[in-house]
Amino acid sequence: MEGTERVEAGLRAELRAYVEEAFLYLHPDVELGDGDGFLELGIVDSLGFVELVEEIQGRYGIAVDALEITEENFGSIDALVAFVERRR
Amino acid sequence: MTTLDADLRRAAATAPGKQALVAGERRMTYAELDAAASALAARLRALGVGRGDRVAILLPNGADAAIAIYGALRAGAAFTPLNPTIKADKLAYVLRDCEAVAVVTDAALAPLAGAARAQAPSVRHVLDAAEAAAGPAGPLPPAPISVDLAAIVYTSGSTGRPKGVTLTHANMAFAAGSIVSYLEMRTDDRILCVVPLSFDYGLYQLLMCVRLGATLILERGFAFPGRVLELLRDERVTGLPAVPTIFQVLTVALGDRAPDLPCLRFLTNTAAALAPATIEALRAVFPGARLHSMYGLTECKRVSWLPPEQLDVRPESVGIPIPGTQAWVADADGDPLPAGEVGELLVRGAHVMQGYWNDPEATADRLRPGRWPWERVLATGDLFRADAEGYLYFVGRRDDIIKSRGEKVAPREVEAVLHAAEGVRTAAVLGVPDPLLGEAIVAYVVPHEGAALTPAALRRHCATHLEDYMVPARVELRDTLPTTPNGKVDRRALAREAEAPAAAPR
């Protein structure tokens with residue numbers, strides 16, 4: 001159990017680092033909580049999501065179906081963690 | 001009755017229970033949209049806003065934005081739609097330029113409106129759209145008439161200052177009617193709009209649906225292809241307007257898998273040409289939908305359309321003038337050139353703007369004397385040629401405006417922001433062909449000696465001063481920029497360099 005949590009925490013830190021590096025640096029005023037929507041806060045736009053999906057596919061070797069590119073799977077750090085955990 | 005206000009009144013009188021809008025969880029009938037617009041208009045009137053006043057609308061796509069637009073018009077005012085990613089300084093500039101008396105916004109954007117208001121003394125009121133729309137009915141002013149100013153739509157100007165395109169009710173109602181006719185739109189159409197209402201392409205989806213009494217499905221933006229497919233299917237969408245970037249993302253995401261969308265009748269594309277591969281992919285993925293290639297500019301909304309059956313015959317053409325208008329490739333005197341020759345495209349019709357707000361010089365450059373003393377012809381600033389059958393082909397631009405993601409960006413506006421960043425000696429911004437964006441905005445920056453600049457910090461600086469779509473996709477640091485013999489930055493040399501294949505790997 002403890003091991004799973006550690007893996008989850010590592011994944012979360014990794015994804016947050018990526019989002020910060022790729023998107024958040026353009027928005028120094030935004031404080032992004034793990035549950036906050038990227039779209040709602042305006043930190044990732046349509047092309048940003050394309051980038052995000054590609055990164056997730058490449059980094060974790062997940063094949064993402066077009067229909068899976070939704071807010072539930074890619075809309076926040078929490079969503080990304082859950083999606084990657086489920087699919088990798 | 002050729003006013004936008006009359007369009008809504010007619011739709012509400014003809015089919016009050018018909019669905020007008022679907023926006024997220026919200027659904028509104030024409031009677032509800034009409035009543036909400038009246039409430040907002042009554043509130044504006046009570047605040048002293050009247051005929052010809054300018055009301056800025058700072059809202060994301062949604063029911064509130066639609067209500068605010070028709071509410072401002074019903075109050076007799078002209079509306080100025082603003083991109084919700086606009087930053088305070090530019091917002092203040094636009095508010096000052098059009099001397100807006102009110103800003104209609106929401107809770108999330110109210111602080112931005114408040115910050116800009118401090119620098120825009122004309123603004124007397126900042127209104128919450130939802131609150132105003134839920135207010136009581138009240139006395140309304142006389143309805144606007146067709147020659148009244150309906151909107152000032154800001155577009156990037158080559159000087160780097162945005163220019164306000166002034167449009168009357170007659171201009172906009174005519175353009176909406178013409179487009180509805182060639183698209184063969186119907187009252188039972190359900191249009192999915194993912195482009196912002198601040199962009200005239202998005203705005204007209206609303207105007208056309210209301211004119212017809214059709215249904216508009218309004219999304220905040222195009223972010224999730226999965227969401228768009230879900231809406232296309234669940235909302236039984238019949239028409240999808242988009243720009244090449246969106247179509248490309250959508251078709252790449254879908255691969256060669258065609259979703260089952262029996263209701264989808266047509267797709268429209270504008271802002272930039274579709275790549276042949278995207279046309280092919282769209283046909284494979286949406287086999288039941290007609291594809292319309294179109295060309296236009298805010299100054300007259302739309303210039304031309306390619307009948308879908310011509311797409312295979314002349315895939316590169318943007319077609320023929322829209323119904324009820326003329327457009328021709330002209331020589332320096334404005335006279336038509338023979339087929340095959342390149343010249344500026346001129347446009348004549350009831351859709352042509354009244355001029356740029358507060359800018360007689362720019363107006364004189366674009367609105368030229370016509371056949372009659374009262375007539376003015378629009379010079380598009382774009383170079384075209386026509387084939388022997390009169391179909392139009394885009395050749396290039398007269399100015400250096402960049403088209404990225406379908407939106408116009410003035411290099412000078414981005415350069416001005418970069419020049420204001422600490423440590424920047426000089427900067428040059430240009431558009432570089434990009435398969436996804438049309439053109440990618442690329443900035444070349446020369447730092448002052450010893451300045452510790454990074455591309456990331458410069459992009460961040462841009463992001464805090466410019467709308468999202470204007471932020472350079474790439475910033476490159478240089479020791480020098482190539483110059484022409486008379487000492488100006490040599491943009492052509494930079495462009496050649498940018499388009500050259502990438503250097504060999506390290």
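## Model and conventions

The structure is a predicted model, in which local features need pLDDT of at least 70 and side-chain atom pairs count only at pLDDT 80 or more, while totals for chains, interfaces and linings use all residues. Residues are numbered from 1 along each chain as its sequence is written, and chains are lettered from A and ligands numbered from 1 in the order in which they are written.

A nonpolar core is a set of buried Ala, Val, Leu, Ile, Met, Phe, Trp, Tyr and Cys residues joined through C-beta atoms within 7 Å. A residue is buried if 20 or more other C-beta atoms lie within 10 Å of its own, exposed if 12 or fewer, and partly exposed in between, with C-beta atoms placed from the backbone. The largest core holds 163 residues, of which B:Val55, B:Ile57, B:Ile67 and B:Ala72 touch the most other members. Domain 1 and domain 2 of chain B each give this core at least three residues. Leaving aside neighbours within four places in sequence, B:Ala72 is in contact with B:Leu44, B:Val55, B:Ile57, B:Ala77, B:Phe79 and B:Val104; contact requires C-beta atoms, placed from the backbone, within 7 Å. Another core, of 25 residues, lies apart from the largest one and includes B:Val424, B:Leu430, B:Ala443 and B:Tyr444. In soluble globular proteins, nonpolar side chains tend to be buried together.

## The side of chain A that touches chain B

Contacts between the chains involve 17 residues of chain A and 17 residues of chain B. On chain A, α2 (46-60) and α3 (71-74) each supply at least two residues of the touching side, and α2(A) gives the largest share, three residues. Helices (H or I, at least four residues) and strands (E, at least two) are DSSP runs, numbered from the N terminus.

By class, this side of chain A has ten nonpolar, four polar and three charged residues. Here Ala, Val, Leu, Ile, Met, Phe, Trp, Tyr, Cys and Pro count as nonpolar, Asp, Glu, Lys and Arg as charged, and the others, Gly among them, as polar.

## Parallel strands around β12(B)

Strand β12 (residues 266-269) of chain B is covered on both faces: B:Phe266 and B:Thr268 on one side, and B:Leu267 and B:Asn269 on the other, are all buried. Strands pair if DSSP finds at least two bridges between them. β12(B) pairs in the parallel sense with strand β11 (residues 239-242) of chain B over four bridges, and B:Asn269 in β12(B) stands opposite B:Ala242. A parallel pairing over four bridges also links β12(B) to strand β13 (residues 290-295) of chain B, where B:Ser293 stands opposite B:Asn269.

Helix α10 (residues 244-254) of chain B forms a right-handed β-α-β unit with β11(B) and β12(B). From β12(B) the chain crosses through helix α11 (residues 276-285) of chain B to β13(B), again in a right-handed β-α-β crossover. Right-handed means that, with the strands pointing away from the viewer, the path from the first strand over the helix to the second runs clockwise.

## Antiparallel strands around β20(B)

Strand β20 (residues 376-386) of chain B runs antiparallel to strand β17 (residues 343-348) of chain B, to which four bridges join it; B:Phe384 is the bridge partner of B:Gly343. Three bridges join β20(B) to the antiparallel strand β19 (residues 367-369) of chain B, and a hairpin of six residues connects β19(B) to β20(B).

Strand β21 (residues 392-397) of chain B pairs with β20(B) in the antiparallel sense over five bridges. In their hairpin, which has five residues between the strands, B:Gly390 takes a positive phi near 90 degrees.

In helix α9 (residues 225-234) of chain B, the buried residues are B:Pro225, B:Gly226, B:Arg227, B:Val228 and B:Leu232. They pack against α3 of chain A together with β9 (190-193), β11 and α10 of chain B.

Most residues other than glycine have a negative phi. B:Arg236, in the loop between α9 and β11 of chain B, has a positive phi near 50 degrees. B:Glu99 likewise has a positive phi near 50 degrees and lies in the loop between α4 (88-97) and β5 (100-105) of chain B. B:Glu99 is partly exposed because 15 other C-beta atoms lie within 10 Å.

Note on methods. Two residues are in contact if their C-beta atoms, placed from the backbone, lie within 7 Å. Domain bounds come from an automatic or database domain assignment.
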